[in-house]
Amino acid sequence: MDRFDAMQAFVRVVDSGSFTKAAENLQVSRTTVTQLVQQLEARLRVKLLNRTTRRVHLTADGAAYYERVVRLLADLDDAETSLSGAAAAPRGRLRIDVPSPLARMILVPALPTFHAQYPDIQIDMGVSDRIVDLIGEQVDCVVRGGEISDQSLVARHVADLQLGAYAAPSYLAQAGVPAHPRELEESHHRIVGFLWARSGKALPYAMRRDDERLEVHGRYILAVDDGNAYLAAGLAGLGILWLPDYMAAPALARGELTPLFSDWRFEPMPLYIAFRPNRHVSAKLRVFIDWVVALMAQQAPPGRVLAAPR
């Protein structure tokens, strides 16, 4: 038994949930995959998988072994692709997690160009705004807006997302157009709250007009923790939004949003890629990071960061 082939077959069976799909992926027969996994179980003297007619499930031992094997295979792949000849054509699986609007509106539409250049990189993309355990969940990197508070991670600054305040025409027809941001604190006006994963709270927005600086908290009847739901709530007339330019542009062009406080400037939101500190960054992760940086330079050119409110 080739231990590497057996481990690879085991991982493919788990990932696909099927011996047949794993065989198709590895371009071998189903019998070969079955034999490799059986030989691996015999060598380890544990049962790794529970098999039914419809599905394959990990045993407790299998789950623990799977985590170690995935990491081992990834390290082996990184070691190979770090060589000068292989680095020119990075390959392997890349696990990332990105905010849902960024995935839907920028990253996914641009991925064909990435895969045209790097056809051997397979991307598993989690789409969320939650806190991700990069080590425990074996995620290679996350893309996040706002400052990275986890000091154990390496964070590379990608862009400064320019923000603006917007509301749906239906909201403004009902509540009126606020003349000053302070009205959001003191009147019947409402915002849509965004619950940041790091704190579970809606954070204030920094604004400036000439020498006047303030932080707007606002009051809300709905707060969400997902960017797409946040935009949908604003479009439904549930409150005023603070949006990056790339998120607001399509709805603005369709007349579904109206800009507010045009004489005010807003504190940009920094965007970062964060990853685990390693002595060696894999070739596939390095080219993905460079691609995101170049893409965001086109989509969100760097802006000037405002001074902190006094």
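This is a predicted model: local features need pLDDT of at least 70, side-chain atom pairs count only at pLDDT 80 or more; totals for chains, interfaces and linings use all residues.
## A three-stranded sheet

Strand β9 covers residues 205–209 and pairs with β14 in the antiparallel sense, over two bridges. Both belong to an open sheet of three strands. Its order is β10-β9-β14, with antiparallel pairing. The edge strands are β10 (212–216) and β14 (265–266), and each pairs on one side only.

## Helix α6

Helix α6 runs over residues 100–117. Its 18 residues should span 26 Å at 1.5 Å a residue, and the end C-alpha atoms lie 24 Å apart, which agrees. The helix bends by about 45° at Leu107. A proline, Pro109, follows within four residues. Several α6 residues are buried, including Leu107, Ala110 and Phe114.

## Salt bridges

The structure holds nine salt bridges. One of them joins Arg93 and Asp15, with the closest N and O atoms 2.7 Å apart. This pair links distant parts of the chain: Arg93 is in strand β3, Asp15 is in helix α1, and 78 residues separate them. Arg93 counts as partly exposed because its relative accessibility is 21%. Asp15, at 32%, is also partly exposed.

Arg144 pairs with Asp97, at 2.6 Å between the closest N and O atoms. Arg144 sits in strand β5 and Asp97 in strand β3, 47 residues apart. Arg144 has 9% relative accessibility, so it counts as buried. Asp97 is buried too, at 5%.

Glu212 and Arg182 meet in a salt bridge of 3.0 Å, N to O. Glu212 lies in strand β10, and Arg182 in the loop between α7 and α8. Shared partners join Arg182, Arg209, Glu212 and Asp263 into one network of salt bridges.

Notes
Residues are numbered from 1 along each chain as its sequence is written. Side-chain values use heavy atoms; hydrogens and water are left out. Two strands pair if DSSP finds at least two bridges between them. The expected span of a helix is 1.5 Å times one less than its number of residues. The bend at a residue is the angle between axes fitted to the seven residues ending there and the seven starting there. Buried means under 20% relative accessible area, exposed over 50%, partly exposed in between (1.4 Å probe, protein chains only). A salt bridge is a side-chain nitrogen of Lys or Arg within 4 Å of a carboxyl oxygen of Asp or Glu.
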